[in-house]
Structures are given as structure tokens and as C-alpha cells.
Amino acid sequence: MKIPLSWLTEFVDLPESVAQLTGILDDLGLVVEGVENVGEGLEDVVVARIDAIRAIEGADRVRLVTVDAGHGPLEIVCGATNFAVGNHVPLAPVGAVLPGGFEIAARKMRGVTSNGMLCSARELGLSDDHEGLYLLDDVIAPEVGQPLLGALGVARDVVLDISVEGNRPDAWSVLGVARDLATRLGRPLRDPALAVPDATEDSSSFAAARIDDPDLCGRLTVSVLRHVVVGPSPAHLARRLTLAGMRPISNVVDASNLVMLELGQPTHPYDAAHVAGRALRARRARIGEVLTTLDGVVRVLAQPGRGLGDTGEDCVIVDGDDRVLGLAGIMGGAASEISATTTDVLLEAAFFDPMTIARSSKRHALRSEASNRFERGVDPELALTAVGRFVALLRESNPDVVWMAAPLDVAGVVAPAPTVTLRDGDLARALGVDLDPADVRAILEGLRFQVSGDGPWRVTAPSARLDVRTGAAGRADVIEEIARLYGYSRLPRRTPAWSAPGALSDRQRIRRRLRDAMVDLGVHESWTPTLGSDDDFDLLAPEQPRVRITNPLAAEESVMRSSLLVGLVRAWARNAERGLGDVMLGELGNVFLHPDVAAAPRRTRGGVRGAVSLALPQENERFSVVMGRVGDDARTAVATWAALAGRLGIHDVVVRSFDDVPRGLHPTRTAHLIERGTNRRVGFVGEVDPALVDALAAAAPRRRLGVLDLDLDVLVDLALDAEADQFVTVPSRYPAAIVDLAFVVAQEVHAVDLAEVLMAASEFVEDVTLFDVYRGEHVPAGARSLAYNVRFSSATTTMSEADVARARDALIDAARALGAELRS
């Protein structure tokens, strides 16, 4: 909603700067989305008369125009065509600076020098019209050489583009915004000038009004205006309308639009000569009725909509012959619009059911300034006040207009204004601060709430505040208004007095991140029994002592598990037997090692004398995944580890082959996960031993099973270290150079170790990626070929071929430290 500052200051004094005023409005919830300085840059623009127009040889889109701006003839090249000799237009002479910082200079076009610029209204920031030059003869009696601002009577102004929330129907007007400002700043609010009926003859002798469906139309007023002369609005009113973003049309239509913007009450003027029986009636539209609206579109009424609860109801205004004149609250029909021949006007000001207007507007894809206000809720008591303001504005251009006495006023159904009780302590409990009762009363009365009572206050909402509810919700609405006007920024900020709520421990947080990553990778989280049988234990460690339960419920549930592997493979087998084997199963759970197997803590039992030292089993939380989809194998397991490590930010873990493979894992396709630097073992990655699969899944389809088994104690430490060491490398803005290097190395040299050497060999190395491992012809026995993709870049410049060659040589030299030789 665009509001000129000059319009606001008619209702309340605002000496604050624009920046201060914007801050106040933002704090009130009336967010200023834009500020436009109008009239800025027009100081040098003058009125010029067009004396001659002639064609320019070889140019069919521009003409040479001779103008007089009071200092002799000037030649201007112009592309507009909507003017003739004798017209007066705005001239920006050479050196003028138009809005937006556009400086006018002498320019030569088609061999002719243009000594200035003839301007459209949009180029001057006066309106959006850019169809041609701004013809001043249509709006003023211009004088040659007169400054444009003085000729138009335009003063510099500031237009505020304010975003009003849908739950503030009272703020959809200049007066509503001014009321908030006056209340916040503690200043008086001035009322607009209103006319009063001035004829002795009652309106009922000339017109009639009726409501057939009071649930759709809560109030219908019809005022009779006679001796109307339709013409242009006074320049200052047309200017005000333009600044607010609307196009001036005529004094009657402009007055209606100005009242809507100023007070928030839409009105609709009808040409009484085209209203049968001079009667206006509000009713439901009948299915299939047709209306041609002012935009020229033929609309079929009362058609059920697709929205929830939309039964297709439209409220319409009809005349004495039951002919539809307009879609109530949205747009009038073309048949009764105001024209140059109009002399008698029936002015409708009404209150319509907001939900009906909202549904009709959406169903017909027809939104207007009127529907924007009606669907949010217009003040039901505002209608005749708006008519008085309409007549006062119309009389500025039409002083002889007559407003007939006793305007027709028909009541429908309107919900009563809610009254809520505000008790001592309500504000303190809601806002956390005690406010001075005098300040609270001043705020409420400034917003037109009625306050009564000395103990608990009975607060009645004004008729304009349809957003205020009843009961406890209404009390919250009233308190919210008090806080908004008092200022949320003024409310003290305090830390709650209660104890701080609990939070996840580091281990719990990492465990949750691991679970999330597991699900994202397509792993189904599983639960397998903690207790098993001796046969299960013997599958992995037949000679190893085990943690046994002294009072098991069953013999097959007497031993604490030492690995998650048996349970997960058995669970996969049961799924596979039922045709559901293409799954990955994962589990987070504890395993238990006998004190004789692991260095276990000991607990003292009894007093100091005769104390007995007890060895306790070692509990270790692990994360294990069995991958049983078709095609899953050790490579899948390594890729799964890489994805999990990436999610946790872990980088310093490498895959190392080893000879001592735990029972249950594949003897040649399993590797350690080792932390670089400390050689701490994080877990295992590879495949399940086929013998274990045969023992547990004899009836399942035979396939490789990938496996990933991680020690959560070590994993949590690594993830926390990674969080502490997080950093971001800014990529180079210069092009990278990419080379491939293949080295022949001994079998025992790990690919990761060689990659680290290459990364450290030159400051220009950005990335090293292994893309091929080869054993065979042309590679010595006991060795293999490792091929890397190396990416070079510089943070300061584009690398030359010589730079890349030197960096490449540095990598080759560094690789020789591991006995690697470049493969030819």
C-alpha cells in the first residue's frame, strides 16, 4: 500500500525524519518495503511550447521538434507522436538531471543535434504513463518557461510503500496507519473534513434500497447525489491518487477511490439514469446469471468453486428490474458506470461478509482494491462517514452537488463487537513486565477500544477490529495490540529463571548423526538379540571364553554376544528366504568381551578388610552393517564407509589390509580401518566369510555379503575431533591444470600413503585421486601400478606450462622416496 507522507501529515504531525518514521512503522508491524522520493530531479524541467515539427531525412522513427521554453527556439529530436503544434510539454534542458540520476546532454542523431529532451510522465516519476509525451494542456493552463513543479503545483513528497498484514483490516487505509502513529507517539489524531446531507427532501423519495440475504450483506447504505457534473479532479487530488498508485479517471470515480484509500471503506457510484427504479438491492446470485464487469469480461455467476467450503455463492447488487449491476465488494458492471453525461448518482457504501468476498474474488480470478479490503473486513459502522468524505471531496470540483437528506440505511447481520476482561497481572504474565495502567488505557483508547471498570477492565473492540476474537483468544489479541503499540523493542529481555533444559551428550549427538546417515544410505536399522547360544558364539570364537548368564530363561539365550555379525547375517537370511534379501541391515548395539579376553576394569566388593576384586566384562558399543543386495561386496562396504566418514567429517582413516582376519570375516577380502598417525583401529570393512553365510543362511540365495563393523568409542572421538578441526578451503579463481601420473610401486606400499606424498610434494597440488590399480604384463612381480589424477591450481595466478611441468617433476621426485617409479 503506497501512502504519500503529505497525506499522513494531514492526520498527525510527523516531524521525524523519513528514516526515523520508517523505523517506527516497522516496529508497529507496518513494514516499509520501499521509500520513493517524488519530485526529486525535476527542479530544472520547464514548460515548453511546440512550435514546429518536421521529419528527419533517413529517419522514420524520430522527428525534429522546435520548441520555445522562453529563451528562443530549441531543436529537440523526439520519438513520440502523441502531440501537435501548440501543445505544451515538459522540457529537460541540457544539464538537467532527471529522477534516477539520468543527466541530459546534447546528442547528435541523424546529423541533427538534440538540445534537450521532451519527457513522458514516467520519465519524470509522475505516473506510469509512457505512451507518449506528458501533455500539460490536459491538466493545467501552462505558461512557456514556467518551472514544471510550479506549473503543476507539485511539492516534493515521499511515498512509503507499506506492507500490511492480512489480520490488520483497520490498517488498510491512510487513517488507520496515522492512528497507529498517533497512538505510538502520543499525538492527537485529526479527523478528515466531512460533508452533511443538505437537502430537505428525503432520499427515499428518489431511491430505494433492500437486503434480501442479510448473511451476505451486513449493511447497505444508498446516498442520492444530484446536480453532479462529471469532469476532471482538482490537480492536487489527482496527484495524490497518482502517488498512491491509482490512475485518475474523473472527479466522481476519483473521490470514491480516494475515500477507499483514506478511510478503508470502498464505495461504488452508479449512474442513477441506468438503474431501473433507482433501486439497489443485495442478494445471492442465481446459478447461471451473467455480468459484464468494468474490465469488459463476461462472468458467469454462482458456479461452485474448487476451494474448501466454496459452494459458489456470489453476492450481487441488482436494480429494480432484478438486473445484476455489480459483483458486490469486488467490481461493478459496465451497464451503470459513471460517464460524462451522469447528473444523478446513487452511491453505495456497504459491509459484505468477508469470506464470501474472498471466495468470489478467488473463484472469478478478480482482485481489486475493494476486494482486498472487504475480504479482510471493513468497519461496518464506517459507511455513512465515508459518504460524507466522498461528498466533501467531490465538492472541491463540483460545489453545487446536492446530497439528499436521510440516506437509505438497511441493516443485515453483523457480529457484535467482542468484549474481553483484562485483569490485574494479565499483562505481566503475557509480556513479562508491568506496564503503567495509564499508558495501557491511553494505548487502548488511542486505538478506539472502549475501556470500562476500575478493577478488572472490560475492553470492547472497535467495530473496525474484526480481527479481535472473543474469550481468552480475544484477551490475547488485546494484549498483543498493547505490546505492539508500546513497542516490542521496549520490552525487557531476560533469561528464563528456570534451570537450563537437558541436552544431548556428544555421544548421543554423534549416534543420531550416524543413524541419520545410515537411513540416508538405504540401510534398514535392525535390532537383534543381545543373548545367544553357545553354538552362535562358536561360529566366531569357539575357543574363546564367553560372558555367560547364570540364570538364563532358555539355553539358547545364555551367552552375551561378542559381535553383531551373527544376528545381522541371520536376520538377512530370514529376509532372503522370503524373497526380501535385497536389503542392507544395520545395528547400533553393545557387545561383551570376557575379562580374560580384554583388559577389563575391576570392581571391589565388600569393605576394605577382606575385599574381593571382581573382573567385569568389557562392554563395547559397535555399529555394524551387512549388505545383502545383489552386487554388494567389499567395494560396496568401502563406499559405505566413505559416505559415513564424509557425513561425520572424518578424513584421517585409511583402509589397510592385514593377515590376522577375525573369524566370520572373509580371509582375503577384509581390511582394517586405521586412524593415520595413531594406528588406532576404527573397525573392519570387507565381506562376510562364506562359511558363516553357509552356516546361518543355507536356505537363502548364495551371494557375497558386504560388511562394515565400527567401534563407536573410537568413531565418536574421531567425529568430535573433526568438528573441532573444521575448516573451509576457498577454491582458486584461476583455471586448474590436470595431469595423470602412473607409478610402479612395491605391493606393500599403500595407495593412500603414496597419495599423501604426492599431496605434500607441491604447494600447487589441489587434489589427488586414485583412478586405476594394475597388476600384470610390463609390471614386475611383487609390484603394482597405481594411477592418480592430479589437479594443480594457484591461488594467485594462472599456472603456465612451465609451472605445471615443475610441479609434476616435484611429485615424481617425491614419489621416489617410497621406491615408486614413473611408469612409462
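The strand order β1-β12-β2 makes up an open sheet of three strands, and the pairing is antiparallel. This is a predicted model. At the edges of that sheet are β1, residues 2–4, and β2, and each of them pairs on one side only. Going from one strand to the next, the twist averages 25°.

Now the pairing itself. Strand β12 covers residues 157–163, and its antiparallel pairing with β1 runs over three bridges. If you want a place to look, find K2, which stands opposite D161 in β12.

Which helix packs on this sheet? Helix α2, residues 18–27, does, and the strands that α2 touches are β2 and β12. The direction of α2 makes about 155° with that of β2.

Next, the other sheet. Here we again have an open sheet of three strands with antiparallel pairing, in the order β25-β27-β26. Why is one side of β25 and of β26 left without a neighbour in the sheet? Because β25 (419–422) and β26 (450–452) stand at the edges, where each has a single partner strand. On average, neighbouring strands in this sheet are turned by 25° against each other, with direction ignored.

β27 is residues 457–460, and four bridges join β27 to β25 in the antiparallel sense. Within that pairing, V420 stands opposite V459 in β27.

Two helices to point out here. Helix α11, residues 437–446, packs on the sheet and touches β26 and β27. The angle between the direction of α11 and that of β27 is about 20°. Helix α12, residues 471–486, lies across β25 and β27, and α12 runs at about 70° to β25.

How much space lies in the second largest pocket? About 1100 Å³. The lining of this pocket is made up of 36 residues, and the closest to the centre are L126, S127, Y134, T242 and P248. Two or more lining residues come from each of the elements β2 (31–38) and α5 (235–243). Of the elements, α5 gives the most to the lining, with five residues.

What kinds of residue form the lining of this pocket? There are 18 nonpolar, eight polar and 10 charged residues.

Notes
Residues are numbered from 1 along each chain as its sequence is written. This is a predicted model: local features need pLDDT of at least 70, side-chain atom pairs count only at pLDDT 80 or more; totals for chains, interfaces and linings use all residues. Side-chain values use heavy atoms; hydrogens and water are left out. On a 1 Å grid over the protein atoms alone, a cavity is a set of points where a 1.4 Å probe fits but cannot get out, and a pocket is an open set with protein on both sides within 12 Å along at least five of seven lines; lining residues have an atom within 4 Å of a point. Grid points are joined across faces, edges and corners, and a volume is the space filled by probe spheres set on the points. Ala, Val, Leu, Ile, Met, Phe, Trp, Tyr, Cys and Pro count as nonpolar, Asp, Glu, Lys and Arg as charged, and the others, Gly among them, as polar. Two strands pair if DSSP finds at least two bridges between them. Axes are lines fitted to C-alpha atoms, for helices over the stretch in contact, and angles run from 0 to 180 degrees between N-to-C directions. Contact means heavy atoms within 4.5 Å.
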